[in-house]
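Student: Can we go through this structure together? I would like to start with the overall fold and then look inside.

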Amino acid sequence: MSVVNYDFRNEVLKHNASLSYCYQCSTCSGGCPVALLTNGKYNPRKIIEEAILGLKDKLVESQDPNPWLCSTCQKCVELCPQKVELTEIFTLIKNLCFEEQKCPEAFYSQGKAVFDTGVAIPYSNSIVARRKKLGLPEIKIASVEEIKTLMKETNFEKNILKGGE
């Protein structure tokens with residue numbers, strides 16, 4: 001049985017007061033392409049309901065429904081009659097998951113790749129060659145040392161490396 005966590009609920013409301021405007025009309029879920037593809041397994045309305053109710057254990061611990069499935073396409077935000085900033089709330093929930101080391105393995109792998117190489121998904125030699133053949137500009141990435149400095153200053157490095165172990 002889930003227990004209401006008022007501190008969690010208040011933290012979400014403090015971060016984004018638009019949450020309190022939601023009246024659970026389900027417009028977000030009806031227009032969500034991920035909800036459609038997953039036959040409703042991913043359900044933005046349910047995530048918002050659990051946030052309103054302060055059900056941190058369901059959102060962060062068991063991730064039911066899984067906030068990581070949000071593609072951040074913003075369709076739910078565009079359709080919401082109450083202008084609830086759903087993707088902002090989902091990002092807050094993902095950040096809380098990260099703080100508690102409850103992220104998908106792919107998140108840790110990509111974070112480590114960014115730390116090591118500067119990109120989440122390195123470009124293959126064939127892609128680089130094809131871009132050159134087509135006359136496209138060389139893909140530039142930020143300085144790996146600069147990325148490492150930013151990750152260290154924000155404790156991302158410590159958390160991403162610890163979480164992926």
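Predicted model: local features only at pLDDT ≥ 70, side-chain atom pairs only at ≥ 80, totals over all residues.

Student: OK, how many helices and strands does the chain have?

Tutor: There are eleven helices and zero strands. Read from the N terminus, the elements run α-α-α-α-α-α-α-α-α-α-α.

Student: And what does the C-alpha trace span along its principal axes?

Tutor: About 55 × 35 × 25 Å.

Student: What share of the residues is buried?

Tutor: Of 165 residues in the chain, 34% count as buried.

Student: Which residues in the largest nonpolar core touch the most other members?

Tutor: That core has 30 residues, and those with the most contacts to other members are Val12, Leu19, Tyr42, Leu86, Ile89 and Phe90. Two or more residues come from each of helix H1 (6–15), helix H3 (33–37), helix H4 (44–52), helix H5 (56–61) and helix H7 (86–99).

Student: Which of them gives the most to this core?

Tutor: H7 does, with eight residues.

Student: Back to Val12. What does Val12 touch, leaving out residues up to four places away in sequence?

Tutor: Leu19, Ala51, Ile89 and Leu92.

Student: For the whole chain, what percentage of contacts between residues at least 6 apart join residues at least 24 apart?

Tutor: That comes to 69%.

Student: New topic: charges. How many positive and negative side chains are there?

Tutor: The chain has 21 positive and 20 negative ones, and the centres of the two sets are 7 Å apart.

Student: Last one, how much accessible surface does the chain have?

Tutor: About 10300 Å², with 54% of that belonging to carbon and sulfur atoms.

Conventions: Residues numbered from 1 in each chain as written. Heavy atoms only, no water. Helix = DSSP H or I, 4+ residues; strand = E, 2+ residues; numbered from the N terminus. Buried < 20%, exposed > 50% of the residue type's maximum accessible area, 1.4 Å probe, protein only. Contact = heavy atoms within 4.5 Å. Areas by Shrake-Rupley, 256 points an atom, 1.4 Å probe, with all protein chains shown as cover. Lys, Arg positive; Asp, Glu negative; His and termini not counted. Charge placed at Lys NZ, Arg CZ, Asp CG, Glu CD. Core = buried A, V, L, I, M, F, W, Y, C linked by side-chain atoms within 4.5 Å.
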